[in-house]
Amino acid sequence: MLAATKSKFRDVDFQTVDLTEPGGPGHETAEKYGISGIPHVVFLDGSGNVLFNSVPSQSAEGFEEEIKQFH
Amino acid sequence: MKKLWPWARLATTILLGGRAWYAGCAGLSACLTFCLPLMTEATPVSFQQAVADYNGGKYSVALSELDGYKKMYPTNALVHYYSALCHQALNHLTEARTDYQYVAEHGDARLQSMSRTAIDQLSRLHSQGSSSVASVTPSSQPRLVANAVAHAKVKRILEFSADW
């Protein structure tokens, strides 16, 4: 989903957090933001404040709309 | 033989006309069969909207919206958890238990704990023989969205995923 959306929001830094490996580095980040399942997205502002923390939309268009709320 | 010719032509015309009419009906029927589901299929709503509908008491609406998410993200514990909440509110206790059970086995520690509490609650309800929706206390909800900072702009997006 990110690949299709990245090019439309060039001023936003998109990062994938991989939770494949149990106990891997991504899990610390997941715990920090209270991630309870995947897929899941967290939007942060420039100061690291959480703006949006939820399951992403089912479609790329819907995901873009979610970003636009904070863009 | 010549006298039969007009009758033969008339019969042929009726037959072919009937076949054309039948073919038209069959075509229309096929079109309705395949196109109507596409035309009436609900536009996917955001997960936030589904949660808002649940919070607004529109349990059936929320449930149908969450069903789409369950099909797309079948292993997402949070989706199962909200589905369980909707089922519980609608007194679909068996379905609620199934969803809670999934979350109790696959969710994170926080959701697991909330789901186990809900399962205990459903079990007590069952043992009491009650089927009243009102007697089911709504289970806890996880925090989904932090307080939005006014006019803050998104600068970074983290997408959590796994190659399972």
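The model is predicted. In chain B, helix α4 spans residues 77-89 and is largely enclosed by the rest of the structure. In chain A, the peptide bond from A:I38 to A:P39 is cis.

**Helix α4 of chain B**
- The 13 residues of α4(B) should span 18 Å at 1.5 Å a residue, and the end C-alpha atoms are 18 Å apart, so the two values agree.
- Of the 13 residues of α4(B), 13 are buried, and the helix is therefore largely enclosed by the rest of the structure.
- At the start of α4(B), B:N76 brings a side-chain oxygen to within 3.0 Å of the backbone nitrogen of B:L78.

**After the helix: B:N91**
- B:N91 follows α4(B) and is placed in the loop between α4 and α5 (93-106) of chain B.
- Its phi is near 70 degrees, which is a positive value in a residue other than glycine.

- A:P39 belongs to the loop between α2 (25-32) and β2 (40-44) of chain A.

- A:S54 is part of strand β3 (residues 50-54) of chain A.
- The relative accessibility of A:S54 is 0%, so A:S54 counts as buried.
- The side chains of A:S54 and B:Q48 make a polar contact at 2.6 Å.

Note on methods. Residues numbered from 1 in each chain as written. Chains lettered and ligands numbered in written order. Predicted model: local features only at pLDDT ≥ 70, side-chain atom pairs only at ≥ 80, totals over all residues. Heavy atoms only, no water. Helix = DSSP H or I, 4+ residues; strand = E, 2+ residues; numbered from the N terminus. Expected span 1.5 Å × (residues − 1). Buried < 20%, exposed > 50% of the residue type's maximum accessible area, 1.4 Å probe, protein only. Polar contact = N/O pair within 3.5 Å; in protein donor to acceptor, adjacent residues only side chain to side chain.
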